[in-house]
Amino acid sequence: MISVEAALEELFALAPVLETETVDLRQAPGRVLREDAVAARDQPPFVASAMDGYAVAEAAPGDRFEVIGTAVAGKAFEGRVGPGQAVRIFTGAPVPEGAGRVVIQEDVTRDGDVITVCDAPDSAAYLRPAGNDFSAGFRLAAPLPLRPGDIALLAAMNVPRVAVTRRPRVAIIATGDELVSPGEVPGPDQIVASNTYGLAALFEAAGAEARLLPIARDDMASLRTVLGLVEDADLVVTVGGASVGDHDLVADVAAEMGLERSFYKVAMRPGKPLMAGRLGATMMIGLPGNPVSAMVCGHVFVVPVLRAMQGLGARPAPRQRGPLAHPLAANGPRAHYMRAVFAEGALEVFERQDSGLLSVFNAADALVVRPPGAGPLQAGDTVEYLPL
Ligand SMILES: Nc1nc2c(c(=O)[nH]1)N[C@H]1C(S)=C(S)[C@@H](COP(=O)(O)OP(=O)(O)OC[C@H]3O[C@@H](n4cnc5c(N)ncnc54)[C@H](O)[C@@H]3O)O[C@H]1N2
Ligand code: MOO
(Lines give C-alpha, C1' and ligand atoms only; values in the text may rest on other atoms or scores of the structure.)
(Ligands and ions follow the chains in the order given, each with its own letter.)
Protein backbone atom coordinates (compact mmCIF):
# COMPACT_ATOMS: atom_id res chain seq x y z
CA MET A 1 0.00 0.00 0.00
CA ILE A 2 1.46 3.39 -0.97
CA SER A 3 0.63 6.91 0.22
CA VAL A 4 -1.70 9.26 -1.65
CA GLU A 5 1.29 11.48 -2.48
CA ALA A 6 3.32 8.56 -3.87
CA ALA A 7 0.31 7.36 -5.89
CA LEU A 8 -0.07 10.84 -7.41
CA GLU A 9 3.62 10.87 -8.38
CA GLU A 10 3.20 7.50 -10.11
CA LEU A 11 0.10 8.76 -11.91
CA PHE A 12 1.84 11.93 -13.13
CA ALA A 13 4.68 9.78 -14.44
CA LEU A 14 2.14 7.84 -16.53
CA ALA A 15 0.32 10.93 -17.84
CA PRO A 16 1.48 12.34 -21.20
CA VAL A 17 1.16 16.07 -21.90
CA LEU A 18 -1.14 16.11 -24.92
CA GLU A 19 -0.52 18.01 -28.15
CA THR A 20 -2.10 21.36 -28.97
CA GLU A 21 -4.73 22.23 -31.57
CA THR A 22 -6.09 25.54 -32.79
CA VAL A 23 -9.76 26.27 -32.16
CA ASP A 24 -12.18 29.15 -32.62
CA LEU A 25 -12.84 31.28 -29.56
CA ARG A 26 -16.37 29.85 -29.32
CA GLN A 27 -14.88 26.37 -28.83
CA ALA A 28 -12.28 27.59 -26.33
CA PRO A 29 -14.12 27.90 -22.96
CA GLY A 30 -12.80 25.37 -20.47
CA ARG A 31 -9.85 24.50 -22.70
CA VAL A 32 -6.25 25.15 -21.66
CA LEU A 33 -4.45 27.91 -23.55
CA ARG A 34 -1.02 26.60 -24.55
CA GLU A 35 0.53 29.50 -26.45
CA ASP A 36 0.52 33.10 -25.24
CA ALA A 37 -2.13 35.24 -26.92
CA VAL A 38 -1.02 38.77 -27.82
CA ALA A 39 -3.11 41.90 -28.47
CA ALA A 40 -2.36 43.53 -31.80
CA ARG A 41 -3.83 46.94 -30.86
CA ASP A 42 -4.65 49.20 -27.90
CA GLN A 43 -8.04 49.00 -26.20
CA PRO A 44 -9.64 51.44 -26.46
CA PRO A 45 -7.76 52.30 -29.65
CA PHE A 46 -8.60 56.02 -29.23
CA VAL A 47 -9.42 58.39 -26.36
CA ALA A 48 -13.05 57.47 -25.66
CA SER A 49 -15.85 59.15 -23.76
CA ALA A 50 -16.95 57.31 -20.62
CA MET A 51 -20.34 59.09 -20.50
CA ASP A 52 -23.10 60.70 -22.56
CA GLY A 53 -22.65 64.49 -22.59
CA TYR A 54 -20.62 67.22 -24.24
CA ALA A 55 -16.91 67.25 -25.09
CA VAL A 56 -15.30 70.60 -24.31
CA ALA A 57 -11.78 71.98 -23.81
CA GLU A 58 -12.50 72.89 -20.21
CA ALA A 59 -15.56 73.92 -18.23
CA ALA A 60 -16.49 75.98 -15.18
CA PRO A 61 -19.91 76.53 -13.52
CA GLY A 62 -22.11 78.76 -15.71
CA ASP A 63 -19.94 78.45 -18.87
CA ARG A 64 -21.81 78.53 -22.19
CA PHE A 65 -20.82 76.61 -25.33
CA GLU A 66 -22.01 76.36 -28.90
CA VAL A 67 -22.68 72.77 -30.02
CA ILE A 68 -20.83 72.30 -33.33
CA GLY A 69 -21.34 68.59 -34.04
CA THR A 70 -21.83 65.06 -32.75
CA ALA A 71 -19.57 62.08 -31.95
CA VAL A 72 -21.15 58.66 -31.54
CA ALA A 73 -19.66 55.22 -30.82
CA GLY A 74 -18.50 54.05 -34.22
CA LYS A 75 -18.31 57.50 -35.83
CA ALA A 76 -15.99 60.28 -34.68
CA PHE A 77 -16.55 64.03 -35.05
CA GLU A 78 -14.10 65.07 -37.75
CA GLY A 79 -12.79 68.38 -36.49
CA ARG A 80 -11.47 70.28 -33.53
CA VAL A 81 -13.27 71.65 -30.48
CA GLY A 82 -12.18 75.21 -29.87
CA PRO A 83 -12.76 77.50 -26.85
CA GLY A 84 -16.50 78.20 -26.43
CA GLN A 85 -17.37 75.12 -28.50
CA ALA A 86 -18.81 71.74 -27.56
CA VAL A 87 -19.39 68.44 -29.36
CA ARG A 88 -22.40 66.34 -28.41
CA ILE A 89 -20.82 62.98 -27.46
CA PHE A 90 -21.99 59.53 -26.43
CA THR A 91 -20.42 56.77 -24.35
CA GLY A 92 -17.70 54.96 -26.27
CA ALA A 93 -17.33 57.64 -28.96
CA PRO A 94 -13.88 58.96 -29.89
CA VAL A 95 -13.21 62.25 -28.08
CA PRO A 96 -12.54 65.03 -30.63
CA GLU A 97 -9.25 66.86 -30.84
CA GLY A 98 -9.07 69.87 -28.53
CA ALA A 99 -11.42 68.35 -25.92
CA GLY A 100 -10.06 68.03 -22.39
CA ARG A 101 -13.14 66.61 -20.71
CA VAL A 102 -16.73 65.52 -21.09
CA VAL A 103 -19.43 67.37 -19.16
CA ILE A 104 -22.24 64.87 -18.52
CA GLN A 105 -25.61 65.80 -19.95
CA GLU A 106 -27.19 65.87 -16.48
CA ASP A 107 -24.95 68.90 -15.72
CA VAL A 108 -26.03 71.13 -18.62
CA THR A 109 -29.16 72.80 -19.89
CA ARG A 110 -29.55 73.03 -23.62
CA ASP A 111 -31.34 75.69 -25.61
CA GLY A 112 -31.07 75.09 -29.35
CA ASP A 113 -27.36 74.80 -30.12
CA VAL A 114 -26.25 76.43 -26.90
CA ILE A 115 -25.52 74.59 -23.64
CA THR A 116 -24.98 76.11 -20.22
CA VAL A 117 -23.05 74.30 -17.48
CA CYS A 118 -24.87 74.07 -14.13
CA ASP A 119 -23.67 75.62 -10.87
CA ALA A 120 -21.98 72.52 -9.47
CA PRO A 121 -20.91 70.20 -12.30
CA ASP A 122 -19.30 66.85 -11.67
CA SER A 123 -15.53 67.49 -11.84
CA ALA A 124 -14.50 64.13 -13.39
CA ALA A 125 -13.12 64.31 -16.96
CA TYR A 126 -14.85 61.10 -18.16
CA LEU A 127 -12.12 60.36 -20.69
CA ARG A 128 -10.76 56.86 -21.20
CA PRO A 129 -7.19 57.17 -22.52
CA ALA A 130 -6.15 55.05 -25.49
CA GLY A 131 -4.84 51.72 -24.13
CA ASN A 132 -6.67 52.29 -20.86
CA ASP A 133 -7.70 48.62 -20.69
CA PHE A 134 -4.64 47.14 -22.42
CA SER A 135 -2.02 48.15 -24.97
CA ALA A 136 -0.80 46.44 -28.13
CA GLY A 137 1.55 43.66 -27.01
CA PHE A 138 -0.51 42.84 -23.92
CA ARG A 139 -0.42 39.09 -23.43
CA LEU A 140 -2.46 36.37 -21.84
CA ALA A 141 0.19 33.93 -20.67
CA ALA A 142 -0.08 30.16 -21.23
CA PRO A 143 -0.77 27.69 -19.76
CA LEU A 144 -4.15 28.97 -18.67
CA PRO A 145 -7.54 27.28 -18.27
CA LEU A 146 -9.85 29.62 -20.17
CA ARG A 147 -12.69 31.04 -18.10
CA PRO A 148 -15.49 33.26 -19.46
CA GLY A 149 -13.54 36.41 -18.55
CA ASP A 150 -10.52 35.19 -20.52
CA ILE A 151 -12.74 34.55 -23.55
CA ALA A 152 -14.11 38.11 -23.38
CA LEU A 153 -10.57 39.48 -23.06
CA LEU A 154 -9.30 37.40 -26.01
CA ALA A 155 -12.20 38.68 -28.12
CA ALA A 156 -11.36 42.29 -27.14
CA MET A 157 -7.75 41.56 -28.10
CA ASN A 158 -9.08 40.50 -31.53
CA VAL A 159 -7.70 36.99 -31.13
CA PRO A 160 -10.25 34.82 -32.97
CA ARG A 161 -8.42 31.48 -32.68
CA VAL A 162 -6.29 30.08 -29.89
CA ALA A 163 -3.84 27.21 -29.41
CA VAL A 164 -5.24 24.91 -26.74
CA THR A 165 -4.52 21.40 -25.54
CA ARG A 166 -6.44 18.65 -27.27
CA ARG A 167 -9.12 17.40 -24.92
CA PRO A 168 -7.99 14.25 -23.08
CA ARG A 169 -10.13 11.32 -24.29
CA VAL A 170 -11.29 9.24 -21.35
CA ALA A 171 -13.10 5.90 -21.68
CA ILE A 172 -15.02 4.90 -18.56
CA ILE A 173 -15.98 1.30 -17.83
CA ALA A 174 -18.40 0.19 -15.14
CA THR A 175 -18.06 -3.42 -14.08
CA GLY A 176 -20.49 -5.71 -12.32
CA ASP A 177 -23.38 -8.13 -12.93
CA GLU A 178 -25.48 -6.07 -10.53
CA LEU A 179 -25.49 -2.94 -12.69
CA VAL A 180 -27.99 -1.57 -15.17
CA SER A 181 -27.90 1.83 -16.86
CA PRO A 182 -30.16 4.65 -15.64
CA GLY A 183 -33.60 4.26 -17.22
CA GLU A 184 -33.40 0.47 -17.47
CA VAL A 185 -35.53 -1.74 -15.26
CA PRO A 186 -33.25 -3.30 -12.62
CA GLY A 187 -33.87 -6.89 -11.55
CA PRO A 188 -34.54 -7.51 -7.82
CA ASP A 189 -30.81 -8.02 -7.14
CA GLN A 190 -29.62 -5.17 -9.30
CA ILE A 191 -28.82 -1.48 -8.82
CA VAL A 192 -28.35 1.42 -11.19
CA ALA A 193 -24.81 2.40 -12.27
CA SER A 194 -24.20 5.86 -10.88
CA ASN A 195 -20.60 6.76 -10.29
CA THR A 196 -19.59 6.36 -13.93
CA TYR A 197 -22.11 9.07 -14.78
CA GLY A 198 -20.79 11.30 -12.01
CA LEU A 199 -17.22 10.65 -13.11
CA ALA A 200 -18.02 11.50 -16.75
CA ALA A 201 -19.46 14.83 -15.57
CA LEU A 202 -16.44 15.48 -13.36
CA PHE A 203 -13.96 14.69 -16.15
CA GLU A 204 -15.83 16.82 -18.66
CA ALA A 205 -15.82 19.74 -16.22
CA ALA A 206 -12.03 19.23 -16.05
CA GLY A 207 -11.75 19.60 -19.84
CA ALA A 208 -11.89 15.97 -20.93
CA GLU A 209 -14.00 14.21 -23.55
CA ALA A 210 -15.61 11.35 -21.63
CA ARG A 211 -17.10 8.21 -23.19
CA LEU A 212 -19.09 5.63 -21.24
CA LEU A 213 -18.39 2.14 -22.60
CA PRO A 214 -20.90 -0.69 -22.12
CA ILE A 215 -21.07 -2.14 -18.62
CA ALA A 216 -18.66 -5.07 -18.30
CA ARG A 217 -20.07 -8.17 -16.63
CA ASP A 218 -18.26 -10.08 -13.91
CA ASP A 219 -16.56 -12.53 -16.24
CA MET A 220 -13.21 -12.34 -17.95
CA ALA A 221 -14.58 -12.53 -21.48
CA SER A 222 -16.93 -9.58 -20.96
CA LEU A 223 -14.21 -7.44 -19.40
CA ARG A 224 -11.82 -8.35 -22.21
CA THR A 225 -14.44 -7.36 -24.79
CA VAL A 226 -15.17 -4.01 -23.19
CA LEU A 227 -11.50 -3.20 -22.61
CA GLY A 228 -11.07 -3.93 -26.32
CA LEU A 229 -13.37 -1.00 -27.09
CA VAL A 230 -11.08 1.58 -25.53
CA GLU A 231 -9.70 2.53 -28.97
CA ASP A 232 -7.89 5.87 -29.04
CA ALA A 233 -8.51 6.92 -25.43
CA ASP A 234 -5.67 8.63 -23.59
CA LEU A 235 -6.97 7.26 -20.32
CA VAL A 236 -9.20 4.35 -19.45
CA VAL A 237 -10.91 4.44 -16.08
CA THR A 238 -12.50 1.26 -14.78
CA VAL A 239 -14.86 1.32 -11.84
CA GLY A 240 -15.35 -1.59 -9.48
CA GLY A 241 -13.97 -5.09 -9.55
CA ALA A 242 -10.83 -3.77 -7.92
CA SER A 243 -10.94 -5.38 -4.50
CA VAL A 244 -10.20 -8.89 -3.27
CA GLY A 245 -13.55 -10.63 -3.95
CA ASP A 246 -13.89 -13.63 -6.26
CA HIS A 247 -15.62 -11.41 -8.81
CA ASP A 248 -13.06 -8.61 -8.73
CA LEU A 249 -11.42 -9.37 -12.03
CA VAL A 250 -10.12 -6.07 -13.35
CA ALA A 251 -6.51 -6.57 -12.27
CA ASP A 252 -6.41 -10.13 -13.68
CA VAL A 253 -7.88 -9.24 -17.05
CA ALA A 254 -5.80 -6.09 -17.41
CA ALA A 255 -2.65 -8.06 -16.54
CA GLU A 256 -3.52 -10.69 -19.12
CA MET A 257 -3.98 -7.90 -21.68
CA GLY A 258 -0.50 -6.58 -20.93
CA LEU A 259 -1.01 -3.98 -18.21
CA GLU A 260 2.27 -2.64 -16.83
CA ARG A 261 1.08 -1.97 -13.32
CA SER A 262 2.46 1.03 -11.41
CA PHE A 263 0.73 0.39 -8.11
CA TYR A 264 -2.23 -1.29 -6.48
CA LYS A 265 -3.73 -0.08 -3.19
CA VAL A 266 -3.38 3.33 -1.61
CA ALA A 267 -3.40 4.14 2.09
CA MET A 268 -6.58 6.18 1.96
CA ARG A 269 -10.21 6.02 2.92
CA PRO A 270 -12.27 5.78 0.82
CA GLY A 271 -10.37 4.49 -2.18
CA LYS A 272 -7.98 1.84 -0.92
CA PRO A 273 -8.21 -0.57 -3.89
CA LEU A 274 -6.98 1.99 -6.43
CA MET A 275 -4.84 0.68 -9.27
CA ALA A 276 -2.94 2.30 -12.12
CA GLY A 277 -0.65 1.42 -14.98
CA ARG A 278 -0.17 1.48 -18.70
CA LEU A 279 -2.13 -0.69 -21.11
CA GLY A 280 -0.39 -0.38 -24.47
CA ALA A 281 -0.43 3.33 -25.32
CA THR A 282 -3.23 4.06 -22.85
CA MET A 283 -2.95 5.08 -19.26
CA MET A 284 -5.24 3.08 -17.01
CA ILE A 285 -6.71 3.89 -13.61
CA GLY A 286 -8.82 1.33 -11.80
CA LEU A 287 -11.14 2.96 -9.30
CA PRO A 288 -13.00 1.21 -6.49
CA GLY A 289 -16.68 0.52 -7.13
CA ASN A 290 -18.26 2.09 -4.08
CA PRO A 291 -19.92 5.21 -5.47
CA VAL A 292 -18.33 7.68 -3.04
CA SER A 293 -14.91 5.99 -3.29
CA ALA A 294 -15.02 6.38 -7.06
CA MET A 295 -16.02 10.05 -6.89
CA VAL A 296 -13.46 10.90 -4.19
CA CYS A 297 -10.71 9.19 -6.21
CA GLY A 298 -11.95 11.11 -9.26
CA HIS A 299 -11.32 14.38 -7.41
CA VAL A 300 -8.08 13.36 -5.71
CA PHE A 301 -6.40 11.48 -8.58
CA VAL A 302 -8.10 11.67 -11.95
CA VAL A 303 -8.76 15.43 -12.17
CA PRO A 304 -5.09 16.28 -11.35
CA VAL A 305 -4.05 13.76 -14.05
CA LEU A 306 -6.36 15.43 -16.58
CA ARG A 307 -4.93 18.82 -15.67
CA ALA A 308 -1.38 17.51 -16.10
CA MET A 309 -2.32 16.02 -19.49
CA GLN A 310 -3.56 19.46 -20.55
CA GLY A 311 -0.25 21.10 -19.70
CA LEU A 312 -1.16 22.59 -16.32
CA GLY A 313 1.65 20.82 -14.46
CA ALA A 314 1.79 17.91 -12.05
CA ARG A 315 0.01 19.26 -9.00
CA PRO A 316 -2.34 17.69 -6.46
CA ALA A 317 -5.89 19.04 -6.17
CA PRO A 318 -5.59 22.42 -4.42
CA ARG A 319 -6.44 22.38 -0.73
CA GLN A 320 -7.71 25.10 1.54
CA ARG A 321 -7.77 25.48 5.30
CA GLY A 322 -10.71 26.06 7.57
CA PRO A 323 -11.86 25.66 11.18
CA LEU A 324 -13.68 22.60 12.48
CA ALA A 325 -17.15 23.09 13.95
CA HIS A 326 -16.69 20.26 16.46
CA PRO A 327 -14.10 17.83 17.85
CA LEU A 328 -12.87 15.02 15.61
CA ALA A 329 -11.47 11.66 16.73
CA ALA A 330 -7.91 10.54 15.94
CA ASN A 331 -7.40 9.06 12.48
CA GLY A 332 -6.25 5.53 11.65
CA PRO A 333 -3.33 4.51 9.41
CA ARG A 334 -4.97 5.60 6.13
CA ALA A 335 -5.54 9.20 4.98
CA HIS A 336 -9.24 9.89 5.42
CA TYR A 337 -11.12 12.15 3.01
CA MET A 338 -14.20 13.00 5.07
CA ARG A 339 -17.37 14.42 3.59
CA ALA A 340 -18.14 17.73 5.28
CA VAL A 341 -20.31 20.80 4.92
CA PHE A 342 -19.72 24.45 5.80
CA ALA A 343 -22.07 25.79 8.47
CA GLU A 344 -21.52 29.38 9.58
CA GLY A 345 -17.94 29.35 8.35
CA ALA A 346 -16.90 26.14 10.10
CA LEU A 347 -16.61 22.61 8.75
CA GLU A 348 -19.13 20.08 9.98
CA VAL A 349 -17.99 16.56 9.20
CA PHE A 350 -20.90 14.26 8.47
CA GLU A 351 -21.56 11.54 11.00
CA ARG A 352 -22.19 8.99 8.23
CA GLN A 353 -19.02 8.38 6.20
CA ASP A 354 -19.92 5.05 4.56
CA SER A 355 -18.58 5.01 1.00
CA GLY A 356 -21.94 3.89 -0.38
CA LEU A 357 -23.71 7.13 0.56
CA LEU A 358 -23.96 9.24 -2.58
CA SER A 359 -26.62 11.43 -0.94
CA VAL A 360 -24.13 12.42 1.76
CA PHE A 361 -21.36 13.00 -0.79
CA ASN A 362 -23.71 15.16 -2.81
CA ALA A 363 -24.63 17.26 0.24
CA ALA A 364 -20.92 17.88 0.99
CA ASP A 365 -19.05 21.10 0.12
CA ALA A 366 -15.67 19.77 1.13
CA LEU A 367 -13.52 16.74 1.78
CA VAL A 368 -11.74 17.26 5.09
CA VAL A 369 -8.33 15.62 4.78
CA ARG A 370 -7.13 13.67 7.82
CA PRO A 371 -3.51 12.55 7.38
CA PRO A 372 -2.53 9.02 8.40
CA GLY A 373 -2.18 8.74 12.17
CA ALA A 374 -3.41 12.30 12.83
CA GLY A 375 -4.34 12.95 16.45
CA PRO A 376 -7.73 14.07 17.79
CA LEU A 377 -8.87 17.65 17.10
CA GLN A 378 -10.93 20.22 18.99
CA ALA A 379 -13.68 22.51 17.73
CA GLY A 380 -12.00 25.54 16.13
CA ASP A 381 -8.85 23.64 15.13
CA THR A 382 -7.76 24.23 11.53
CA VAL A 383 -8.00 21.40 9.03
CA GLU A 384 -7.10 21.09 5.38
CA TYR A 385 -9.90 20.37 2.94
CA LEU A 386 -10.54 19.90 -0.76
CA PRO A 387 -13.40 22.11 -1.94
CA LEU A 388 -15.98 20.15 -3.91
N1 LIG B 1 -12.73 -8.40 2.27
C2 LIG B 1 -12.62 -7.17 1.78
N3 LIG B 1 -13.68 -6.63 1.19
C4 LIG B 1 -13.61 -5.39 0.71
C5 LIG B 1 -12.41 -4.65 0.86
C6 LIG B 1 -11.29 -5.26 1.46
O7 LIG B 1 -10.20 -4.67 1.59
N8 LIG B 1 -11.44 -6.53 1.89
N9 LIG B 1 -12.39 -3.37 0.41
C10 LIG B 1 -13.65 -2.67 0.45
C11 LIG B 1 -13.50 -1.38 -0.14
S12 LIG B 1 -12.67 -0.23 0.74
C13 LIG B 1 -14.09 -1.05 -1.31
S14 LIG B 1 -13.98 0.55 -1.90
C15 LIG B 1 -14.79 -2.02 -2.12
C16 LIG B 1 -14.24 -1.89 -3.54
O17 LIG B 1 -14.61 -2.95 -4.24
P18 LIG B 1 -14.51 -3.04 -5.80
O19 LIG B 1 -13.73 -1.94 -6.37
O20 LIG B 1 -14.11 -4.39 -6.12
O21 LIG B 1 -16.00 -2.73 -6.22
P22 LIG B 1 -17.22 -3.72 -6.38
O23 LIG B 1 -17.08 -4.83 -5.43
O24 LIG B 1 -17.35 -4.02 -7.80
O25 LIG B 1 -18.37 -2.76 -5.92
C26 LIG B 1 -18.42 -2.20 -4.64
C27 LIG B 1 -19.80 -1.59 -4.43
O28 LIG B 1 -19.99 -0.54 -5.36
C29 LIG B 1 -21.12 -0.79 -6.20
N30 LIG B 1 -20.80 -0.33 -7.56
C31 LIG B 1 -19.84 -0.82 -8.35
N32 LIG B 1 -19.83 -0.15 -9.51
C33 LIG B 1 -20.80 0.77 -9.43
C34 LIG B 1 -21.29 1.74 -10.32
N35 LIG B 1 -20.75 1.93 -11.54
N36 LIG B 1 -22.30 2.54 -9.92
C37 LIG B 1 -22.86 2.34 -8.68
N38 LIG B 1 -22.43 1.43 -7.81
C39 LIG B 1 -21.44 0.64 -8.17
C40 LIG B 1 -21.29 -2.26 -6.15
O41 LIG B 1 -22.61 -2.65 -6.45
C42 LIG B 1 -20.92 -2.56 -4.71
O43 LIG B 1 -21.99 -2.28 -3.85
O44 LIG B 1 -14.62 -3.31 -1.66
C45 LIG B 1 -14.77 -3.46 -0.24
N46 LIG B 1 -14.69 -4.82 0.09
O1 MOO C 1 -11.77 2.34 -0.30
MO2 MOO C 1 -13.28 1.85 0.10
O3 MOO C 1 -13.34 3.11 -0.88
O4 MOO C 1 -12.80 2.60 1.74
O5 MOO C 1 -14.94 2.29 0.45
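Where does Glu-344 lie? I looked it up and found Glu-344 in the loop between β25 (335-343) and β26 (346-349). Helices (H or I, at least four residues) and strands (E, at least two) are DSSP runs, numbered from the N terminus.

**Ground rules.** I am reading a predicted model, in which local features need pLDDT of at least 70, side-chain atom pairs count only at pLDDT 80 or more, and totals for chains, interfaces and linings use all residues. Residues are numbered from 1 along each chain as its sequence is written, chains are lettered from A and ligands numbered from 1 in the order in which they are written, and side-chain values use heavy atoms, with hydrogens and water left out.

**Backbone entries.** Most residues other than glycine have a negative phi, and most peptide bonds are trans. I noted some departures. Glu-344 is not a glycine, yet its phi is positive, about 50°. Tyr-126 also has a positive phi, about 55°, and is not a glycine. I found Tyr-126 in the loop between β10 (114-117) and β11 (127-128).

Next I checked peptide bonds. The one from Ala-142 to Pro-143 is cis, with omega near -5°. Pro-143 sits in the loop between β12 (139-140) and β13 (144-145). The bond from Arg-269 to Pro-270 is cis, with omega near -5°. Pro-270 belongs to the loop between β21 (268-269) and β22 (275-279).

**Ligand 2.** Pro-270 came up again here. It is one of the residues surrounding ligand 2, together with Gly-271, Lys-272, Pro-273, Asn-290, Ser-293, Arg-334 and Ser-355. A residue counts as near if one of its heavy atoms lies within 4 Å. I then looked for polar contacts (pairs of N or O atoms within 3.5 Å). A polar side-chain atom of Ser-293 is 2.4 Å from an oxygen atom of ligand 2. For the side chain of Ser-355, an N or O atom is 2.4 Å from a ligand 2 oxygen.

**Ligand 1.** Which residues come nearest to ligand 1? Of the 21 around it, they are Glu-178, Asn-195, Ala-242, Lys-272 and Gly-289. I listed backbone partners too. A backbone N or O atom of Ser-243 lies 2.9 Å from a ligand 1 oxygen. For a polar backbone atom of Gly-241, the distance to an oxygen of ligand 1 is 3.0 Å. Asn-290 has a polar backbone atom 3.3 Å from an oxygen of ligand 1. Taken alone, ligand 1 exposes 870 Å², and the protein buries 69% of that. These areas use the Shrake-Rupley method with a 1.4 Å probe.

**Helix pair.** I ended with helix α1 (residues 4-14) and helix α6 (residues 291-309), whose axes come within 10 Å and cross at roughly 35°. Axes are lines fitted to C-alpha atoms over the stretch in contact, and angles run from 0 to 180 degrees between N-to-C directions. The contact (heavy atoms within 4.5 Å) includes Leu-8 and Phe-12 of α1 and Phe-301 and Pro-304 of α6.

Technical notes. Polar contact = N/O pair within 3.5 Å; in protein donor to acceptor, adjacent residues only side chain to side chain.
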